[in-house]
Amino acid sequence: YRDQWLVAVEKPPGVLSHPNPPRPGKDGRPARAAFEGPYDEAERRFDGPGGAVWLVHRLDQDTSGVLLAALDAATAARCREVFEQGLVRKDYTALVAGLPAPRGVWKDSLVETRGARQVRVAVRRGGPANAELRYEVVESSRPLGLALLAVRLVTGRTHQIRVQAAARGHPLLGDDVYGDFGLNRWARKEVGLRRLFLHAGGLELPHPVTGRTLAIRSGRPDDLAGVLARLGLDPASGRGRSPGPRARRRAD
């Protein structure tokens with residue numbers, strides 16, 4: 001999507017929303033970023049060959065889906081205010097282990113630990129809630145012990161969906177940080193899942209200039225749709241196939 005103030009792209013998995021600061025002693029080419037050109041971290045601005053682009057929000061590197069940016073600094077500031085005021089609807093699709101309740105609200109206190117090479121997030125028991133999401137089970141399979149969730153983020157914190165789900169015993173498939181590594185190996189071998197099953201499928205917000213509701217949708221990527229089809233978890237099918245040994249152990 002593009003108009004004279006905004007541009008939205010479909011970020012692939014493995015691509016950074018913005019370049020990370022250089023690491024001391026790190027060699028080799030940097031990871032790809034969502035937009036081209038040098039990046040000003042303070043301004044959150046890319047100076048690309050087609051003109052400047054201001055990043056409005058972020059997606060985790062391993063998450064695919066809708067990423068929004070502005071084409072001038074004033075629009076970027078108004079967009080960020082809309083996000084901070086909680087006026088943005090953020091919809092995700094996630095495939096998790098286990099069988100959560102049909103719908104629910106998860107609230108947690110999340111804390112970040114930042115090292116030279118990584119960011120890790122954990123739930124702090126007893127702390128004030130700073131992370132909230134709402135979910136609904138779209139499709140599930142008791143034999144497989146898997147559930148497809150529609151998630152709406154109320155807040156937007158680093159690794160939020162992944163950490164909140166894993167803390168409740170429902171790690172996302174393909175999550176190589178907070179996930180079930182045995183189940184990930186099974187999913188890679190049996191159904192070809194080679195990345196995190198988390199997709200940012202939609203943003204809905206008041207346009208920062210016109211005030212009209214702007215709804216941007218991203219269809220499920222082919223690789224994730226293929227995984228669901230092989231599992232028999234496509235929402236249209238309503239049936240899961242028989243699990244392999246690793247999936248059966250995990251379901252138990």
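Rings of Phe, Tyr and Trp (its six-membered ring) count as a pair if their centres lie within 6.5 Å. The close-up views below are taken from a predicted model, which holds three aromatic pairs.

**View 1. Phenylalanine 35 and phenylalanine 46 form a tilted aromatic pair.** The two ring centres lie 5.5 Å from each other, with 55° between the planes. The pair links distant parts of the chain, since phenylalanine 35 belongs to the loop between strand 1 (6-11) and strand 2 (39-40), while phenylalanine 46 belongs to strand 3 (residues 45-48), 11 residues apart. Phenylalanine 35 is buried, with a relative accessible area of 14%, and phenylalanine 46 is likewise buried, with a value of 0%.

**View 2. Tyrosine 39 and phenylalanine 46 form an aromatic pair that is also tilted.** Here the separation is 4.7 Å centre to centre, and the angle between the planes is 50°. Tyrosine 39 has a relative accessible area of 19% and counts as buried, because the cut-off for that class is under 20%. Ring pairs join Phe35, Tyr39 and Phe46 into a cluster.

**View 3. Aspartate 40 and arginine 45 meet through their side chains in a salt bridge.** This is one of 13 salt bridges in the structure, and its N to O distance is 3.7 Å. Aspartate 40 is partly exposed, with a relative accessible area of 26%, whereas arginine 45 is buried, at 18%.

**View 4. A salt bridge between the side chains of aspartate 91 and arginine 152 links distant parts of the chain.** The N to O distance is 3.3 Å. Aspartate 91 lies in strand 6 (residues 89-97) and arginine 152 in strand 11 (residues 146-153), the two residues being 61 residues apart. Aspartate 91 is buried, with a relative accessible area of 15%, while arginine 152 is partly exposed, with a relative accessible area of 35%.

**View 5. Arginine 217 forms a salt bridge with glutamate 204.** The closest N and O atoms of this pair are 3.1 Å apart. Arginine 217 is located in strand 13 (residues 213-217) and glutamate 204 in strand 12 (residues 198-206), so the contact ties together parts that are 13 residues apart in sequence. Both side chains belong to partly exposed residues, with relative accessible areas of 47% for arginine 217 and 25% for glutamate 204. Through salt bridges that share partners, Arg89, Asp91, Arg152, Glu204 and Arg217 are joined into one network.

How values were computed. Residues are numbered from 1 along each chain as its sequence is written. This is a predicted model: local features need pLDDT of at least 70, side-chain atom pairs count only at pLDDT 80 or more; totals for chains, interfaces and linings use all residues. Side-chain values use heavy atoms; hydrogens and water are left out. Rings of Phe, Tyr and Trp (its six-membered ring) pair if their centres lie within 6.5 Å; planes under 30 degrees apart count as stacked, over 60 as edge-to-face and the rest as tilted. Helices (H or I, at least four residues) and strands (E, at least two) are DSSP runs, numbered from the N terminus. Buried means under 20% relative accessible area, exposed over 50%, partly exposed in between (1.4 Å probe, protein chains only). A salt bridge is a side-chain nitrogen of Lys or Arg within 4 Å of a carboxyl oxygen of Asp or Glu.
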